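Thanks for taking a look at this one with me. Please have the sequence and the 3D view open while you read.

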Amino acid sequence: MGETRYTSGQIADSTGLTIRTVQYYDKIGLLPSSGRTKNGRRYYQQDDLIRMEQIVLYKSLGFSLEQIKRNILPNPNTNELLEM
């Protein structure tokens, strides 16, 4: 069985963001979706959810989206993200 998939709505609900914000972050490459369903809907996985929580933290500290995009861990693994 594969890894759990989350919709844009589920990611938005768990982070307090709007679906449009999640989609915007995908569009600008800040948090690209893990893939698309057969119907073309974005889906995310556990690592993406953790990464989004990291983005939300940086935003709350006053970092711009561009700063977050440049400075966020390039390809962190789950343990690195959980440590942060």
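The points below go from the overall layout to single residues and their partners.

1. **Before you start.** Please keep in mind that this is a predicted model, where local features need pLDDT of at least 70, side-chain atom pairs count only at pLDDT 80 or more, and totals for chains, interfaces and linings use all residues. Residues are numbered from 1 along each chain as its sequence is written, and side-chain values use heavy atoms, with hydrogens and water left out.

2. **The layout.** The chain has five helices and two strands. Their order from the N terminus is α-α-β-β-α-α-α. Helices (H or I, at least four residues) and strands (E, at least two) are DSSP runs, numbered from the N terminus. Of the 84 residues in the chain, 33% are buried. Here buried means under 20% relative accessible area, exposed means over 50%, and partly exposed lies in between (1.4 Å probe, protein chains only). Contact means heavy atoms within 4.5 Å. Among contacts between residues at least 6 apart in sequence, 50% join residues at least 24 apart.

3. **Helix α1.** Which residues of helix α1 are buried? In this helix, residues 8-15, they are S8, G9, I11, A12 and T15. Viewed down the axis of α1, these buried residues fall within an arc of 160 degrees, so they line one face of the helix. The arc is that of the directions from the helix axis to the C-beta atoms. The packing partners of the buried residues of α1 are α2 (19-27), β2 (42-43) and α3 (46-60). Just after α1 comes G16, with a positive phi of about 80 degrees.

4. **Helix α2.** The buried residues V22, Y25 and D26 are found in α2. Their arc around the axis is only 105 degrees, which puts them on the same side of α2. R20 and K27 are exposed on the other side of α2. The cover over the buried residues of α2 includes α1, β1 (35-36), β2, α3 and α4. Just after α2, G29 has a positive phi of about 85 degrees.

5. **The core.** A nonpolar core is a set of buried Ala, Val, Leu, Ile, Met, Phe, Trp, Tyr and Cys residues joined through side-chain atoms within 4.5 Å. The largest nonpolar core has 14 residues, and I11, M52 and I55 have the most contacts inside it. Helices α1, α2 and α3 each supply at least two residues of this core, and the largest share, four residues, comes from α3. Leaving out residues up to four places away in sequence, M52 touches I11, T15, L17, V22, Y25 and L31.

6. A salt bridge is a side-chain nitrogen of Lys or Arg within 4 Å of a carboxyl oxygen of Asp or Glu. By this rule there is one salt bridge. It joins the side chains of R42 and D26 (2.6 Å, N to O). R42 lies in strand β2 and D26 in helix α2, so the pair ties together parts that are 16 residues apart in sequence. Both R42 and D26 are buried.

7. **Aromatic rings.** How many aromatic pairs does the structure hold? There are two aromatic pairs. Rings of Phe, Tyr and Trp (its six-membered ring) pair if their centres lie within 6.5 Å; planes under 30 degrees apart count as stacked, over 60 as edge-to-face and the rest as tilted. Y24 and Y25 form a tilted pair, 6.4 Å centre to centre with 50 degrees between the planes. Y24 is partly exposed, at 42% relative accessible area, whereas Y25 is buried, at 6%. Y58 and F63 form an edge-to-face pair, 5.6 Å centre to centre with 80 degrees between the planes. Y58 is buried, at 18%, and F63 is partly exposed, at 36%.

8. **I68.** Do take a look at I68 in helix α4 (residues 65-71). I68 is buried, at 2% relative accessibility. Not counting residues up to four places away in sequence, I68 touches L30, I55, Y58, K59 and F63. I68 and Y58 are ten residues apart in sequence and 6.8 Å apart in space, C-alpha to C-alpha.
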